[in-house]
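Please brief me on the model shown here.

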Amino acid sequence: MDAVAEAAACFPIQGTIRSIEAFGSGHIHDTYRLTTSEASYLIQRLNTDIFSQPASIFWNQKLLKPLIDQELIVEGLHTIQGEPGLEIDGNLWRVQTFIDQVYGPLKANSEKEVSEVAKGFALFDIACLALNPNQFKEVIPDFHKLSWRLQQFEEALALASEERFEKAVGLIQKVHSHKWIDDQVNDLWERGLPVRVCHNDTKADNVLLKKDNEEFQFVIDLDTVGPGALLYDFGDLMRTMLSATGESEPNADDINLNQTYFHSMAKAYKRVMWESITELEKSSLVFGGIYMTFMMGVRFLTDYLNGDVYYKVSFENENLVRARNQLTLLEELNKKRVPLEKILKEI
Ligand code: GN1
Ligand code: MG
């Protein structure tokens with residue numbers, strides 16, 4: 001923890017350090033809660049293998065000033081030298097004040113939660129409609145481009161160990177039988193789907209809700225904000241909120257698509273967005289759930305085949321379990337696509 005304290009000393013934190021603990025559930029960065037005699041902070045060591053151009057994160061975040069003014073997001077602390085982050089021995093650090101009495105739901109627990117998370121991301125997306133996507137940098141190029149993810153998957157397949165390949169055989173077949181999803185997204189782009197500034201990581205726990213009444217407080221994790229399609233943001237909400245199970249759920253039979261939750265989510269998103277987006281966007285949103293769920297299945301399986309080099313894992317075969325869960329949810333979404341489209345249209 002000495003490295004954390006050393007980094008913290010370069011930011012204007014108040015008081016003397018009392019404790020430093022690992023915090024949160026992110027798969028990529030290392031996050032700590034640092035408590036001093038006066039206050040509490042979140043301090044993060046960025047994963048610069050994955051975010052190899054951190055300057056573009058800070059560039060994009062400057063463009064989000066209107067969202068800070070609207071109190072939708074929270075601004076990080078600048079270093080004593082006035083920088084948004086700090087490099088020490090090849091590690092990049094950033095700090096923000098810890099927000100108390102809030103939580104990020106790891107899975108959906110109630111209609112109210114689902115509705116408030118959807119409202120939070122809808123307020124984020126609508127505020128971003130006023131921003132110009134061309135001014136934003138693509139922090140991870142092609143981040144949500146499925147054809148690229150499928151190409152990475154094929155590369156991983158070719159290099160996978162025999163043992164991992166054998167364990168993944170059934171899921172590999174499922175991936176191969178869903179390639180039509182890529183054709184459908186390409187069709188949408190050809191038909192003129194608009195590029196929007198999106199959050200691009202709208203999983204449920206990237207919204208903070210107030211502990212006492214479950215109301216929306218802030219959107220967090222802005223690393224991947226940039227050009228995208230609204231179907232990405234709506235789709236990742238569907239992926240993470242429609243089944244009351246987490247990404248590493250041990251029992252795939254517990255994965256169920258809750259249509260009441262979809263109703264709550266769609267209603268909250270529609271209330272904020274509907275007057276401001278195109279008909280093509282509206283018609284693409286339910287497909288977004290299919291698209292994002294498939295892509296995450298592909299990405300988790302790719303990482304499993306690569307030997308767990310990207311996502312943090314806490315037990316053996318966790319990426320295989322995650323991939324299985326996404327591909328199970330995908331089948332549920334495919335089965336219910338028509339009723340979900342109907343709910344979205346009619347509410
Ligand atoms: C990663 O950073 P974190 O854990 O919120 C990933 C997202 C995935 C998500 C799945 C940069 O997000 O794309 O949707 O895991 N972020 C990156 O839980 O790869
Ligand atoms: Mg993230």
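Glu71 sits in the loop between helix H3 (65-69) and strand E4 (86-88); helices (H or I, at least four residues) and strands (E, at least two) are DSSP runs, numbered from the N terminus. Glu71 is not a glycine, yet its phi is positive, about 60°. Its relative accessible area is 57%, so Glu71 is exposed; exposed means over 50%, buried under 20% and partly exposed in between (1.4 Å probe, protein chains only).

This is a predicted model: local features need pLDDT of at least 70, side-chain atom pairs count only at pLDDT 80 or more, and totals for chains, interfaces and linings use all residues. Residues are numbered from 1 along each chain as its sequence is written, chains are lettered from A and ligands numbered from 1 in the order in which they are written, and side-chain values use heavy atoms, with hydrogens and water left out.

**Magnesium site**

- Which protein donors does the magnesium ion (ligand 2) have? They are Asp201 (OD) and Asp221 (OD), lying 2.1 to 2.2 Å from the ion.
- The pair links distant parts of the chain, 20 residues apart. Asp201 is in the loop between strand E7 (196-198) and strand E8 (207-210). Asp221 is in the loop between strand E9 (216-219) and strand E10 (226-228).
- Donors are N, O and S atoms within 2.8 Å of the metal (3.2 Å for Na, K and Ca). Water is not among the atoms, so sites may look incomplete.
- Asp201 is buried, at 18% relative accessible area. Asp221 is partly exposed, at 28%.
- Asp221 also has a positive phi, near 60°, in a residue other than glycine.

**Ligand 1**

- There are 16 residues around ligand 1, each with a heavy atom within 4 Å of it. His27, Lys203, Glu247, Arg299 and Tyr310 come nearest.
- The shell divides into 7 nonpolar, 3 polar and 6 charged residues. Here Ala, Val, Leu, Ile, Met, Phe, Trp, Tyr, Cys and Pro count as nonpolar, Asp, Glu, Lys and Arg as charged, and the others, Gly among them, as polar.
- An oxygen atom of ligand 1 lies 2.7 Å from a side-chain N or O atom of Lys203. For Arg299 the distance is 2.7 Å. For Arg239 it is 3.4 Å.
- On its own, ligand 1 has 440 Å² of accessible area, and the protein covers 96% of this. Areas come from the Shrake-Rupley method with a 1.4 Å probe; for residues, only the protein chains shown count as cover.

- Helix H4 (residues 111-128) has 18 residues, and 13 of them are buried, so H4 is largely enclosed by the rest of the structure.
- At 1.5 Å a residue, H4 should span 26 Å, and its end C-alpha atoms are 26 Å apart, which agrees. The expected span is 1.5 Å times one less than the number of residues.
- Ser40 is in strand E3 (residues 40-46). Ser40 is buried, with a relative accessible area of 12%.
- The side chains of Ser40 and Arg33 make a polar contact of 2.9 Å. A polar contact is a pair of N or O atoms within 3.5 Å; within protein, one must be able to donate a hydrogen and the other to accept it, and residues adjacent in sequence count only if both atoms are side-chain atoms.

- Ile347 is in the segment after helix H12 (337-346). Ile347 counts as partly exposed, at 32% relative accessibility.
- Ile347 and Gly82 are 265 residues apart along the chain, and 48 Å separates their C-alpha atoms.
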